Amino acid sequence: MKLFRRLLLVLFVVLLGWGWHERENLWAFPDIISAYTAKEYCSCRYVMNNDAEYCRGYVKQWLPAELTDNAAQKLVSASGMGRINSAQWQGERQGCRLNP
Amino acid sequence: MFKGLPLFLLLISFTVQAEQWPGEQWPTAPKITGPAVEALEAYAFPARDDNTRLGIRTDALLVVRDGQIVYERYGAATTADTPHLTWSISKSLMATVMGVAYGEGLFKLDDPVAKFYPVLEKHPAIKMADLLHWASGIDWQEDYEYAPLKSSVVAMLYTRGHRDMAAFTADHDSYAPAGQAFRYSSGDSNLLAAALKTMVGPQRYPDYPWTALFDPLGIRHATWETDATGTFVASSYAYLTARDLARIGLLMERNGRWNDRQLLPEEWVAFNRQPFGGYKADQDEAVPGGQWWLNRSAEGAPSPWPDAPPDTFAALGHWGQALYVIPSERLVIVRYGDDRDGSYRHNELLKRVLGAVRP
């Protein structure tokens, strides 16, 4: 039992060390789904001019994301994994860009 | 002595007239038909399942021979008017834009990149040619879908790097001396776009791909997205119709010449098509040249697309985007897709297109 606890402690410390080492990547990770969905939907819809239904299918991922498309402003927001990101159409030549 | 001259001039004028170039529209030749075309379509356009997203899913297939469209078909939502996302074909497009800047004398291949992009002073040894070869030595992780936590490219496009992609790249450490080893990197390509900004100046930069390349070729509907600092996302985000991308292909097929104008120096195209010496066999799906992919054998290994001629070269992008150029066959092929499972094979498509166009 003592040995088991010691092993668990070592494992915990290793995990903590890895988490610290990867802290930037770990913190950024949950943004991927919503940022990807917002940006690529915006470009699918307003740069490639595909219809809304096609674009929803096009950006579908293995994790769910909620998507809001403000067609009047060509502003697309998406949420997933507890984060929200949005992308804005900039113009004919510049296409879409993630908001900072 | 001059007896033969009028005949000679007549012959010259015939050859000049015989060479086809797109104006506002592409010239079209009689469509290719027959069993070989059916075999091509059976491969490129199988029934599409949007639920499983499995198999080959071609959005566009356009074949240009001798400067004329001989085959054109679209799939799913894509039409002849769709400026389709090219993904990493953008890298080769940026190299073509840079070729015009090279012709203007704005940089040399052995210029240090930090001369144009001081943020890169952490890596002072990187030269322009090294970026063009994807050989910066910067410790970059290109994996898209299998290592999302460690993927430099996902972080660059969507999370930590999207505001300033070149600076995000420059901030990485090195793993090898510059110019020695090949490692495919979207970061290297975006450093090129950042260097270009200084070369042409902030006034010309936002329109430069259009004034330098798209306008002279008659490309009217191109989009090229930028990051928040206005730097073009050279790695990933150019959009062109299939017909317009084929114009870039024809420019490359004809050694950088468009009608009677040498838009790219011939030595630039030769550099694009020269295999990078630091590449080891099977490091990637084809042999890297200067931001283009070559069907050349490396270190005695078989060439990447054995059923296509050795002078075949290509611009390739995620999910099956491809622009193939085969000068010896006077052939340009654009293939757009939405392949999600990696089952599409360049060699198989090239083989079937060649079978369909050869008499």
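This is a predicted model: local features need pLDDT of at least 70, side-chain atom pairs count only at pLDDT 80 or more; totals for chains, interfaces and linings use all residues.
1. For chain A as a whole, 33% of the 100 residues count as buried.

2. Chain A holds four helices and four strands, and from the N terminus on these elements run α-α-α-α-β-β-β-β. The radius of gyration of chain A is 20 Å, well over the 13 Å that the globule rule gives for 100 residues, so the chain is more spread out than a compact globule. Along its principal axes, the C-alpha trace of chain A spans about 65 × 25 × 15 Å.

3. As to contacts in chain A between residues at least 6 apart in sequence, 51% of them join residues at least 24 apart.

4. Between the chains, 26 residues of chain A are in contact with 23 residues of chain B. On the side of chain A that touches chain B, the elements giving two or more residues are α2 (23-28), α3 (31-46), α4 (52-58) and β4 (95-98) of chain A, and the largest share, six residues, comes from α3(A). By class, that side of chain A has eleven nonpolar, seven polar and eight charged residues.

Technical notes: Residues are numbered from 1 along each chain as its sequence is written. Chains are lettered from A and ligands numbered from 1 in the order in which they are written. Two residues are in contact if their C-beta atoms, placed from the backbone, lie within 7 Å. Ala, Val, Leu, Ile, Met, Phe, Trp, Tyr, Cys and Pro count as nonpolar, Asp, Glu, Lys and Arg as charged, and the others, Gly among them, as polar. The radius of gyration is taken over C-alpha atoms; the globule rule is 2.2 Å times the number of residues to the power 0.38. A residue is buried if 20 or more other C-beta atoms lie within 10 Å of its own, exposed if 12 or fewer, and partly exposed in between; C-beta atoms are placed from the backbone.
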